[in-house]
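Hello,

Here is the structure I said I would pass on. Please open it first, then read my notes below it.

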Amino acid sequence: MKVGILGAGHIAAKMGRTLMEMSRSGADDLKELCYCVASRDLARAREFAAQWGFSKAYGSYEEMLSDPDVDLVYVATPHSFHYPHVKMCLEHGRNVLCEKSFMLTLAQAEEIIALARSKGLLVAEAAWPRYTPFSWEIKKMLDEGILGEPQSMTASLCFPILHKERVAKSSLGGGALLDLGIYPLHFALMHFGSDIKKIQSQAVVSEGGVDLQESISIIYNNGRMAALHASVTGGDSLEATINGTKACMIVDNVTNPCKAVVYGRNRELIAEYTAPAQLTGFEYEVLACKRAIEEHSCETRELPHSEILTAMRIMDSLLADWGVKLG
């Protein structure tokens, strides 16, 4: 499979490193992953290609998308460009893995998914914790009753990143929810599901019109509850706690879970689990897309379109409640 990266910024570099290391793994079907990169600045594309071992560099997105050998395009541009860039990829007949947040709005997401399905192309969201084996191991342990009956969870992601332009500007799809809050949200949806009774929230909104921090309470029809928090103004918080009738579990990182510790009712240590060694964590979403393309599927098994749309629907509603309009 030959991958093209659209964009050459920070997140693209992480994927570039991932693909380079995957291609060096020795597997014959992964040797051509590092195929091409496109940037509006040809010099930047060439520098990126040289750094990460890509065969080709393009000075325009359209030129790369016209290359018939591109099997999958990873869209690594800011949220506000996802809709036009993913649409462009699909119209050129390219399968797409789009960085989170998938789109700015539910309407955009619905249109893009319908377009992909009409063309028989894959379109996936790169919400990487939804793909890692350890995330699925945590889900399996919960389903098998390691905590008894799960009752509640808290999950947060907070980093002081308001100085970043893409976070501070509403025109770029900024704010805490789409950049950080999507991770606790996906954590809740993955482990507690989407049979939701009610959602309540509060947010602090900047003078520039972006959400700076928020608290989100999700009440499920089965009586479970998830308390989620995200902030771009301070902190370095990324843990989750899941409380059950017999025990509780603390997960170290909602963006890339690597450790889970289970404690009993008296706070005694019951078990400790560690994720297997990984390259960057991004490799699993690439492998999921590879499998979906080989299966001629328009969606990945790990994050189907229905769950992408559920997350987008919730975020649409939250932003509307806060009076935040992005893009």
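**Cysteines, a pocket and one methionine**

At a relative accessibility of 12%, C298 counts as buried. Keep in mind that this is a predicted model.

A disulfide is a covalent bond between the sulfur atoms of two cysteines. How many disulfides does a search of the whole structure find? The search finds zero. C89 is in no disulfide, and the nearest cysteine sulfur, in C98, is 8.6 Å away. C89 is also buried, with a relative accessibility of 0%. For C298, the closest cysteine sulfur belongs to C289 and is 12 Å away, which is too far for a bond. The cut-off for a disulfide is a pair of cysteine sulfur atoms within 2.5 Å.

The largest pocket holds about 850 Å³ of space. It is lined by 32 residues, and H10, I11, E99, R166 and D179 are the closest to its centre. Helices α1 (10-23), α4 (79-91) and α8 (176-192) are the elements that each give two or more residues to this lining. Sorted by class, the lining has 13 nonpolar, 10 polar and nine charged residues.

Last, M225, which lies in strand β10 (residues 225-231). Is M225 buried, partly exposed or exposed? M225 has a relative accessible area of 36%, so it counts as partly exposed. Leaving aside residues up to four places away in sequence, M225 touches Q151, S152, M153, F192, S217, I218, I219 and Y220. K198 is 27 residues from M225 in sequence, and their C-alpha atoms are 9.8 Å apart in space.

Regards

Definitions and conventions. Residues are numbered from 1 along each chain as its sequence is written. This is a predicted model: local features need pLDDT of at least 70, side-chain atom pairs count only at pLDDT 80 or more; totals for chains, interfaces and linings use all residues. Side-chain values use heavy atoms; hydrogens and water are left out. On a 1 Å grid over the protein atoms alone, a cavity is a set of points where a 1.4 Å probe fits but cannot get out, and a pocket is an open set with protein on both sides within 12 Å along at least five of seven lines; lining residues have an atom within 4 Å of a point. Grid points are joined across faces, edges and corners, and a volume is the space filled by probe spheres set on the points. Helices (H or I, at least four residues) and strands (E, at least two) are DSSP runs, numbered from the N terminus. Ala, Val, Leu, Ile, Met, Phe, Trp, Tyr, Cys and Pro count as nonpolar, Asp, Glu, Lys and Arg as charged, and the others, Gly among them, as polar. Buried means under 20% relative accessible area, exposed over 50%, partly exposed in between (1.4 Å probe, protein chains only). Contact means heavy atoms within 4.5 Å.
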